[in-house]
Amino acid sequence: MIHNFSAGPAILPKEVLQKASEACIDFNNSGLSLLEVSHRGKNVIAVFDKASTLVKKLLKLNDDYAVIFVQGGASTQFAMVPHNFLGKKAAYLNTGVWASRAVKEAKHYGETSVVASSEDKNFSYIPKGFVIPTDADYFHYTSNNTIYGTQLREVPSTGVPLICDMSSDIFSYEFDASKFDLIYAGVQKNMGPAGATMVIIKKSMLERIQRQMPTMLNYKIHVDGESMYNTPPVFAVYVSMLTLEWLDNFGGVEAIEKRNAAKAKLFYDELDRNSQFKGTVEVVDRSWMNANFIMEDPAKEAQFNELLKQAQISGLAGHRSVGGFRASMYNALGLESVQALVEVMQSFEKSQG
Ligand code: PMP
């Protein structure tokens with residue numbers, strides 16, 4: 001068994017891959033592949049309905065919210081959010097590369113107030129005690145910083161609409177989703193393959209759209225069209241629906257949170273104990289999804305990599321911009337994979353005498 005710690009696209013439950021591969025050959029006993037049928041067929045519409053219904057069920061959201069699937073990745077959301085909602089001024093928290101990219105796009109549309117940034121220490125912590133201007137059209141933050149391995153699990157209080165990029169930690173812990181006005185996530189971490197972006201939007205936000213715009217950038221078009229204004233990424237949404245079903249059967253977000261917390265504890269306890277490795281971020285801000293670490297002696301990386309290979313541990317290289325190692329422990333990764341990694345870290349330490 002290969003232990004897949006990839007940061008994204010990332011591990012999916014085996015049973016989801018099995019069902020997805022079957023649908024590529026024969027979708028719903030129709031004799032046709034899911035890849036060769038119309039997105040407007042009733043069986044495909046049912047997939048989109050089910051995916052949206054499961055998103056709302058898992059996050060305990062009512063019908064004040066719409067769930068849509070669009071294309072262009074979370075990166076297109078960086079622009080779509082200000083395009084739709086930045087009238088005069090928006091507030092952003094800068095906690096990493098992805099947050100910075102969101103800021104960069106917002107600047108095209110109006111005043112962009114960065115309320116706090118952790119760039120001074122290479123994004124190794126989450127700024128605390130920042131103040132959000134009450135006249136901002138919205139406040140935007142990134143809940144999990146995939147590249148650096150920091151996470152903000154506590155929902156900030158704001159007096160303004162709250163918007164979050166949850167690409168790398170959606171559905172991984174319980175939080176009050178009804179505090180948000182818009183949440184977006186590229187599905188390729190905790191939900192499915194690359195190709196679809198999920199957007200959860202409070203319907204009342206749609207009344208705030210003022211700017212004239214290209215049709216494809218308008219949230220209202222996609223909500224009214226129920227994700228079918230144009231040809232949607234059917235396969236990516238189908239796999240996402242299967243993963244949501246898997247999570248629901250697992251016991252929902254509450255149950256997966258318990259396992260994610262246990263995985264994080266197992267890993268970070270070993271990181272703190274082991275003399276050969278050290279973490280790179282503030283302990284209180286450590287992410288449960290992406291754990292970054294480096295070796296006390298970087299010259300020994302090749303030796304450690306060899307042990308990882310022997311143990312069939314894959315995807316542990318740090319992001320190209322930060323180096324070192326990154327263990328991504330998304331929802332579908334079992335505790336036994338983290339145990340396997342911990343054992344390799346322990347045997348590496350022993351080998352050093
Ligand atoms: N936000 C976060 C938190 C991410 O991790 C990523 C991609 N890894 C992105 C945004 C960009 O997503 P995409 O590649 O889907 O545009």
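I took contact to mean heavy atoms within 4.5 Å. I took helices (H or I, at least four residues) and strands (E, at least two) as DSSP runs, numbered from the N terminus.

The model is predicted: local features need pLDDT of at least 70, side-chain atom pairs count only at pLDDT 80 or more, and totals for chains, interfaces and linings use all residues. Residues are numbered from 1 along each chain as its sequence is written, and side-chain values use heavy atoms, with hydrogens and water left out.

**Helix 2.** I then listed its buried residues (under 20% relative accessible area, 1.4 Å probe, protein chains only), among them V44, V47, F48, A51 and L58. The buried residues of helix 2 pack against strand 2 (65–70), strand 10 (197–202), helix 6 (234–250) and helix 7 (252–273). K60 follows helix 2 and has a positive phi, near 55°.

**Nonpolar core.** I used sets of buried Ala, Val, Leu, Ile, Met, Phe, Trp, Tyr and Cys residues joined through side-chain atoms within 4.5 Å. In the largest core, of 90 residues, F171, M198, F267, F304 and L316 touch the most other members. Helix 6 gives the most to this core, with 10 residues. L316 touches residues including F5, F293 and L341, not counting those up to four places away in sequence.

**Q310.** I found Q310 in helix 8 (residues 301–310).

Terms used:
Buried < 20%, exposed > 50% of the residue type's maximum accessible area, 1.4 Å probe, protein only.
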